[in-house]
Amino acid sequence: MDREAIVALATPPLRSALLVVRSSGAGVLSVLADLMGRPSVLSIQERTSLVGLLRDSEGRPLDQVVALAYPSGKSSTGEEVVEIIAHGNPLIGERIIKAFLAKGARMAKPGEFTLRAFLNGKMDLVEAEAVNALIGSASEEGASLSLVALEGSSSKELETALEAIASLLASIETSIDFPEFEDLEKDLHSKILRETPLVIKKLEDLVSQGKAATTVIKGVDVAIVGLPNVGKSSLLNALLGEERAIVTDIPGTTRDVVTGEIVHKGVPIRFLDTAGVRSSDDPVEQKGIEKGEEAIRKADVVLVVSDIRDGEEPALPEGIRSPIIHVRNKADLAHKDSGGVSASAINGEVAGVLDAIVSALSLDKVRLNSPALVSERQLDLVSRASRSLKEAVRLSGERAPLSLVALPVQEAHALLKEVLGASSSSDIEDEIFSRFCVGK
Ligand code: GDP
């Protein structure tokens, strides 16, 4: 049974060539049949396209449209679906939505179309999250990684691991049920020690590839710090390849956290210029410094810039856990190599800095065609599953009773099921799908 009908604009509410309104749920084909005066839509068996005049619920002409009609079971949500392609005036989009609302549909919540696809078994949670990652990716590479997950390769890897764990669990349970067969128990311990590390390796690969993938998808934040006049603003400009920050010869004038974004080797990189790390009595400057310190702590990478001639660096705020890259700027003025990454902002020689950022986060190793996990939720659950399996291997190595070994194996099984959404709660689903845009 289809759920209640929902409707939303699937394209941004801007003037454009075309817009798309999407509706899914019980009775939406009948709404379309009414609004277009085409009762034959009610009996379609396959996806069908219609071209013609769409009217509002009172019969007033709305627009000349193309409508795609999907019968229940033949659409992306699994329900009856209508997609209307109209001329791209937001007022038309609004009126089409109103016509559907007048016929009993309600506005869709963020991600609700994808949620329905998940609830109707059209995709698992890993694939659903990949939809969001694909839309949110800031680089082509991030989009390719999301697409691999969307097409189900990541899910397949997880399912293979899940099957291996399930079969192990079944053997353990059989053996617990027949304690009189001691050989069975011995064989099982060696099976666990032989096979489980392979599953752990697979899960760890998914996690390490996934960490890089999620970073490539969301991009990295890079803070730039250094004493006054070492060339931070110049470096930022050179990195961005355009005039963005204000360059001056007077120390301490860069007060705001300036951001700019570029894509280097497929990694979206956002730069946060900071006010410099030092104290000041000027309240305006002090505020800038606090903002800067916060940016430094939040950054994924910290660039500590110094003048190559003296290499002097500021004291950094406490609590930085991200990689730190020492950039020796003004290399054009130096006669010797001084270690670290050298740059000459004034001559635009900064490629080494960008490469260093990408390799500090091991993002040069990300394989674009390999299955990856694309959300923090997935990474957390899969890491926990692999830790549980390690615990099982440890216990098995000590020849612990199988009833004890079974516990972490059961845990790993439950965690992987949760990743795929086979045992998720509606709270988790709400949390995940509320991050989507409306109409998706
Ligand atoms: P900030 O205070 O650290 O942001 O430094 P600025 O970017 O404002 O630069 C301070 C001064 O150093 C300016 O006169 C820049 O032209 C100069 N400068 C910056 N980078 C370089 C460089 O790579 N080589 C040379 N020779 N001068 C530079």
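This note sets out a few local features of the structure in numbered points.

1. The model is predicted, so that local features need pLDDT of at least 70 and side-chain atom pairs count only at pLDDT 80 or more, while totals for chains, interfaces and linings use all residues. Residues are numbered from 1 along each chain as its sequence is written, and side-chain values use heavy atoms, with hydrogens and water left out.

2. Gln64 lies in strand S4, residues 61–70 (strands are DSSP runs of E of at least two residues, helices runs of H or I of at least four, numbered from the N terminus). With a relative accessible area of 45%, Gln64 is partly exposed (buried means under 20%, exposed over 50%, and partly exposed in between, with a 1.4 Å probe and protein chains only). Leaving aside residues up to four places away in sequence, Gln64 touches Gly52, Leu53 and His87 (contact means heavy atoms within 4.5 Å). A separation of 9.9 Å divides the C-alpha atoms of Gln64 and Met36, which are 28 residues apart along the chain.

3. Two residues deserve a check of their backbone angles. Most residues other than glycine have a negative phi. Asn229, however, has a positive phi near 75 degrees; this residue sits in the loop between strand S7 (220–226) and helix H8 (232–240) and is partly exposed at 40% relative accessible area.

4. Lys330 is not a glycine, yet its phi is positive, at about 65 degrees. The loop between strand S11 (324–329) and strand S12 (341–342) holds Lys330, which is partly exposed with a relative accessible area of 23%.
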